[in-house]
Structures are given as structure tokens and as C-alpha cells.
Amino acid sequence: MPLTLDRRAEGNGGRGAGQPAKGNGGRRGRWAMGSEASSSSLIPAERSSDPMGREWAGLPLDVVASIFAKLSADDVMSGAGLVCHPWLEAAKVPDLWRSIDMAHITVDHLFKFNTDYCTMAKVAVHRADGRLESFAGNFFVSDELLCYITERSPSLKILTVISSSDVTNDALGAIVDGCPRLELLHVSDCANISVNATLKAKCARIEILELVPWDEDDDPYYWYWRRQDSDYWGN
């Protein structure tokens with residue numbers, strides 16, 4: 001399914017103004033699935049009167065893609081890949097998305113960039129075109145996202161999920177069953193994951209298995225959301 005950049009606000013799930021919703025990585029989302037098109041506000045460099053802009057736009061696609069490979073997934077999706085039409089095309093090269101690491105994102109990003117990271121991650125997985133081998137994410141990861149990865153990533157080898165309250169044992173079990181090449185699974189401090197005998201048995205074939213039970217004292221995102229709820233409800 002083709003993609004597009006959508007800057008319309010999503011619903012806030014009943015929260016007050018300025019309160020981010022849990023689960024999707026942001027109260028508002030600028031990424032959505034749809035027909036692939038660059039933002040109308042972007043001016044392609046090849047049409048720019050700046051000679052330097054035309055030169056950058058004229059770089060070979062493989063050269064631009066190799067530069068993008070040194071950036072984080074979110075930097076490419078929300079910045080570099082939107083500079084001009086040729087760079088947008090370079091940002092869609094499937095090999096660029098074999099490894100998607102978004103575990104560095106913090107809650108501060110929610111307010112600074114106002115981005116739906118869960119949907120952004122889906123777009124990145126889509127661009128991998130079945131070649132995704134490694135994925136890492138944190139608080140924005142959900143069962144829905146894991147299901148999306150399972151259905152589109154038969155080559156997945158490494159999965160890391162940290163401090164997510166929207167991931168359950170069912171989704172983990174499904175990704176273990178649906179991704180036969182999975183060899184490293186790290187899940188830590190996820191509030192709705194029960195590290196029990198059933199889950200361990202399901203993951204028995206995984207070569208490197210790291211299941212760390214949730215501890216609210218060690219989960220910075222838990223206390224962040226608790227403070228947000230307390231401030232909003234006046235508790």
C-alpha cells in the first residue's frame with residue numbers, strides 16, 4: 001500500500017489540551033497510510049533558483065541512500081527524506097530499512113516534534129518491503145505495530161521492545177510464530193507482559209532470549225505518564 005505524509009491532527013482520546021495520549025507515541029500524528037506523495041509545502045530542489053539546491057537534488061540515488069543509512073529512521077522520515085523529490089525517492093529504497101532503530105526516542109520528542117511514532121514505524125516497515133531484519137522501539141510500540149511487523153517481515157531476526165505498556169503476550173507469541181528467522185528477542189519493562197512459563201515455552205526456539213519483568217521503579221515512562229495524569233486530573 002502506498003504512503004503519504006499527513007499532518008492532520010488525530011483525536012486526543014478525551015485528554016485535555018496539551019496532554020499526550022499513551023500508546024501511539026503522541027497526541028497528534030503527522031504520518032498516515034495513503035497514496036505516496038510529498039508534502040505540498042515542500043519545494044523540490046530541482047525547481048529551486050539555488051544552484052546548490054539543484055546540485056544536491058542531482059546526487060545519484062544510491063549515494064543519497066548511503067548517506068541516509070547513517071541517520072536514524074525518524075531523522076530520515078521526518079527530515080532528510082523530505083528535502084526534495086529525489087531525496088524522498090532515495091528514502092524509499094528498501095535496503096535502507098533492513099534495520100530500524102527507534103529505541104532512542106524519548107517522551108520529550110512527543111512535545112518537540114508532536115509525532116505519532118507508531119505510525120511512523122509502520123511506514124518504515126512498509127518501505128522495507130519484506131526485508132526488515134532488525135527492529136527496536138520503546139514506549140510507542142503496540143500490539144498493532146507488532147502485528148504489522150509480523151505480517152510484513154518474514155526476514156526479521158532481531159526484535160527489541162523496551163518500556164511499552166501496549167504490548168501483550170499474545171502479540172509476542174504471534175511474532176515468534178510468524179517470523180521463523182527471529183533469533184534475538186529482548187523485551188524489558190513492559191507493563192502488560194507477563195514473563196511466565198507459557199511465554200518462555202513459546203520462545204524456547206529463540207537463540208538469545210532476554211525477558212525482563214516490568215518494574216515500575218525502573219520504568220521512566222510509567223512515572224512520566226503518572227505525573228501527566230496527576231497534573232491533568234488534579235490528583
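Q: What does the side chain of Asp116 reach on the backbone, and which side chain does it join in a polar contact?

A: Its side chain reaches the backbone nitrogen of Cys118 at 3.2 Å. A polar contact of 2.7 Å also joins the side chains of Asp116 and Thr119.

Q: How is an aromatic pair to be described, and how many does the structure hold?

A: A pair of aromatic rings is described by the distance of the centres and the angle of the planes. The structure holds 3 aromatic pairs. One of them, formed by Phe68 and Trp87, is edge-to-face, with 5.8 Å from centre to centre and 80 degrees between the planes. This pair links distant parts of the chain, for Phe68 belongs to helix H2 (residues 61-68) and Trp87 to helix H4 (residues 85-90), 19 residues apart.

Q: Are Phe68 and Trp87 buried or exposed?

A: The cut-off for burial is under 20% relative accessible area. Phe68 has 3% and is therefore buried; Trp87, at 14%, also counts as buried. In another pair, the ring centres of Phe139 and Phe140 are 6.0 Å apart and the planes stand at 85 degrees, so this pair is edge-to-face. Both Phe139 and Phe140 are buried, and together with Tyr117 they form one aromatic cluster.

Q: Which residues of helix H8 are buried, and what covers them?

A: An α-helix has 3.6 residues a turn, so residues three or four places apart point the same way. In helix H8 (residues 169-178), the buried residues are Ala171, Leu172, Gly173, Ile175 and Val176. Their cover includes helix H7 (143-152), strand E5 (158-162), strand E6 (184-188) and helix H9 (197-202).

Q: What is the mean pLDDT of the protein chain?

A: The mean is 74, and 63% of the residues reach 70 or more. Over residues 34-49 the pLDDT is below 50, and this stretch has 34 contacts in the model beyond near neighbours in sequence. Residues 231-235 also stay under 50, with 5 contacts beyond four places in sequence. Where pLDDT is low, the predicted coordinates should not be read in detail.

Methods. Residues numbered from 1 in each chain as written. Heavy atoms only, no water. Polar contact = N/O pair within 3.5 Å; in protein donor to acceptor, adjacent residues only side chain to side chain. pLDDT = per-residue confidence, 0-100. Contact = heavy atoms within 4.5 Å. Buried < 20%, exposed > 50% of the residue type's maximum accessible area, 1.4 Å probe, protein only. Helix = DSSP H or I, 4+ residues; strand = E, 2+ residues; numbered from the N terminus. Phe/Tyr/Trp six-rings, centres within 6.5 Å; stacked < 30°, edge-to-face > 60°.
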